[in-house]
Amino acid sequence: ISTLLGISSAVVDNVPLVQASINMFGTTAPTDDPLWQLVALAAGTGGSILPVGSIAGVTLMTIEGVGFLWYCRRGSLWA
């Protein structure tokens, strides 16, 4: 489930995905469960796969003039 969350975080903003996972698993997993650390890590890291998945990627494209395809070829594999 964390892999799916990370991949979808590349396209959709992290906050709604984490909120959806809280709504899905909030009653079954306690607050201090390691699942929530994994959800936060997957959503945060997955947002860097595509430049439009995080505000840092959008800022990089705007300020530095980095193109979408350039980022996908050179940056997505490292994310």
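Here's a quick briefing on the fold, the helix packing and a few local spots in this protein. The model is predicted, so keep that in mind as you look around. It has five helices and zero strands, and 27% of its 79 residues count as buried.

**Overall build**

- Walking from the N terminus, you'll pass through the elements in the order α-α-α-α-α.
- Taken along the principal axes, the box filled by the C-alpha atoms comes to roughly 45 × 20 × 15 Å.
- The protein exposes about 5300 Å², and 69% of that comes from carbon and sulfur atoms.
- Take the contacts between residues at least 6 apart in sequence: 49% of them join residues at least 24 apart.

**Helix 1 against helix 3**

- In general, you describe two packed helices by the angle between their axes and the distance between those axes.
- Here, helix 1 (residues 2-9) packs with helix 3 (residues 34-46) at an angle of about 30°, and the axes are 7 Å apart.
- Angles under 35 degrees count as roughly parallel, and helix 1 and helix 3 are therefore roughly parallel to each other.
- The crossing of helix 1 past helix 3 is right-handed.
- On the helix 1 side, the residues that meet helix 3 are Ser2, Leu5, Gly6 and Ser9. Their partners in helix 3 are Leu38, Val39, Ala42, Ala43 and Gly46.
- Sorted by class, this contact between helix 1 and helix 3 has five nonpolar residues, four polar ones and no charged ones.

**Helix 4 and what comes right after**

- Helix 4 covers residues 55-64, and one of its ten residues is buried, so this helix lies largely in the open.

**Gly75, past helix 5**

- Helix 5 spans 68-74, and Gly75 lies in the segment after it.
- Is Gly75 buried or exposed? The cut-off for buried is under 20% relative accessible area, and Gly75 has 16% relative accessibility, so it counts as buried.
- Gly75 and Ser48 are 27 residues apart along the chain, and their C-alpha atoms are separated by 8.5 Å.

How values were computed:
Residues numbered from 1 in each chain as written. Predicted model: local features only at pLDDT ≥ 70, side-chain atom pairs only at ≥ 80, totals over all residues. Heavy atoms only, no water. Axes fitted to C-alpha atoms, helices over the stretch in contact; angles between N-to-C directions. Helix = DSSP H or I, 4+ residues; strand = E, 2+ residues; numbered from the N terminus. Parallel < 35°, antiparallel > 145°, perpendicular 65-115°, else oblique. Left-handed = near helix turned anticlockwise from the far one by under 90°. Contact = heavy atoms within 4.5 Å. Nonpolar A, V, L, I, M, F, W, Y, C, P; charged D, E, K, R; others polar. Buried < 20%, exposed > 50% of the residue type's maximum accessible area, 1.4 Å probe, protein only. Areas by Shrake-Rupley, 256 points an atom, 1.4 Å probe, with all protein chains shown as cover.
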